[in-house]
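Dear colleague,

I am passing on the structure we spoke of, and below it you will find what came out of a first look. Please read the notes with the coordinates open beside you.

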Amino acid sequence: MKIFAGDIGGTSIKYSVTDDHGYMMFFHEAETEREKGGPYIIQKLEDLIAGYPDIEAISISTAGQVNIEEGSIIYANENLPSYTGTRIKDILEDRFRVPVMVENDVNAAALGEKHYGAAKEYSDFLFLTFGTGIGGAIVIDSKLYRGFTGSAGEFGHMNQYPNGIECGCGKQGCYEQYGSTTALIREAKKADPGCTNGRQLFAMIQDGDQRLLEVLDSWANEAARGIASLVHIFNPPCVILGGGIMEQDLSVRLVSEKLYQHIMTSYSGVKIIKSQLGNKAGLYGAISLHEGVKHIGKI
Ligand SMILES: [Zn+2]
């Protein structure tokens, strides 16, 4: 089955088309232009899909909370304005007359890791993605655990500090205000106003900047504290760390070291693994949503 797979994020729309066997034939990215809002983003997605008239199915991974039965956006924050309520499945099925599946991007990435990546050998695992915020997915018996209203796994909003830093969700002291990449860069800027992004941070640490190494170390401690709570709740055999920041071995190493300090020794069999599929995980997971294409190889 030839599938168009799209992954809609705040920065880019990643997309690919598979051959008949589910192999991705290319990997492209287009700018989301998120400030133009939901209807524009969907029109842009339609234009991309229209370039491949022989596809037989469409799989979409997207930011925001997703109603998977309706293939619609239950809620998206100000990162994607006017996106809440978008009926992606209806819009694309009306236009292209092929089956459409829609899944939340973090869930899709977890499925990607399950079928093609770091979690192939695990039927139970947690997946966390560190970026602007902290996203999470829970896989139990090889299936996503979705919760009562489909919104399980919002790890980024665990309350870590009463009366702590205000969060975009309207609450205070949320995990992502301390453990996300945004939080790391905020603290790095305080230590050195010249350090404004992750790439710079790691380059400066590599050059021996001790202060920034301390910032990274204390961020890793915050990231690990949240994971420790999750490990105590779920007792998973494996936790997969995703997001650009975790492509750095130093981040994964520091977070792992801190984690083992924060968990009870009886939980210490848990493995901390970095994502294997990186920013393609969502596309892999999206492709796996259509029956009959699971467990097929990579590009
Ligand atoms: Zn929050």
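Contact, as the word is used in this message, means heavy atoms within 4.5 Å. Please keep in mind throughout that this is a predicted model.

The chain is divided into two parts, with domain 1 covering 3-109 + 279-288 and domain 2 covering 120-275. Taken over C-alpha atoms, the centres of domain 1 and domain 2 are separated by 26 Å, and the contact between them takes 8 residues from domain 1 and 11 residues from domain 2.

To begin with one of the sheets, 5 strands form an open sheet whose order is S3-S2-S1-S4-S7, and the pairing in it is mixed. Strand S3 (28-31) and strand S7 (100-104) stand at the edges, and each has a single partner strand, so one side of each is left without a neighbour in the sheet. From one strand to the next, the twist of this sheet averages 20°. The partner of S7 is strand S4 (residues 57-62), and the two pair in the parallel sense over 5 bridges; within this pair, Ser59 stands opposite Met101 in S7. Helix H3 (residues 105-116) lies across strand S1 (3-8), S4 and S7, and runs at about 100° to S7.

Another open sheet of 5 strands has the order S10-S9-S8-S11-S12, again with mixed pairing. Here strand S10 (143-144) and strand S12 (271-274) stand at the edges with a single partner strand each, so one side of each lacks a neighbour in the sheet. Strand S9 (residues 134-140) pairs with S10 in the antiparallel sense over 2 bridges, and Val139 of this pair stands opposite Leu144 in S10. Helix H8 (residues 249-262) packs on the sheet, where it touches strand S11 (238-242) and S12, and the direction of H8 makes about 165° with that of S12.

Counting cavities of 30 Å³ or more gives 1 cavity, and the largest cavity has a volume of about 40 Å³. Its lining is made up of Leu241, Gly242, Gly243, Met246, Glu247, Lys274, Ser275 and Gly278, which divide into 2 nonpolar, 4 polar and 2 charged residues. Of these lining residues, Leu241 and Gly242 fall within strand S11 (238-242), and Lys274 falls within strand S12 (271-274).

With best wishes

Terms used:
Residues are numbered from 1 along each chain as its sequence is written. This is a predicted model: local features need pLDDT of at least 70, side-chain atom pairs count only at pLDDT 80 or more; totals for chains, interfaces and linings use all residues. Side-chain values use heavy atoms; hydrogens and water are left out. On a 1 Å grid over the protein atoms alone, a cavity is a set of points where a 1.4 Å probe fits but cannot get out, and a pocket is an open set with protein on both sides within 12 Å along at least five of seven lines; lining residues have an atom within 4 Å of a point. Grid points are joined across faces, edges and corners, and a volume is the space filled by probe spheres set on the points. Ala, Val, Leu, Ile, Met, Phe, Trp, Tyr, Cys and Pro count as nonpolar, Asp, Glu, Lys and Arg as charged, and the others, Gly among them, as polar. Two strands pair if DSSP finds at least two bridges between them. Helices (H or I, at least four residues) and strands (E, at least two) are DSSP runs, numbered from the N terminus. Axes are lines fitted to C-alpha atoms, for helices over the stretch in contact, and angles run from 0 to 180 degrees between N-to-C directions. Domain bounds come from an automatic or database domain assignment.
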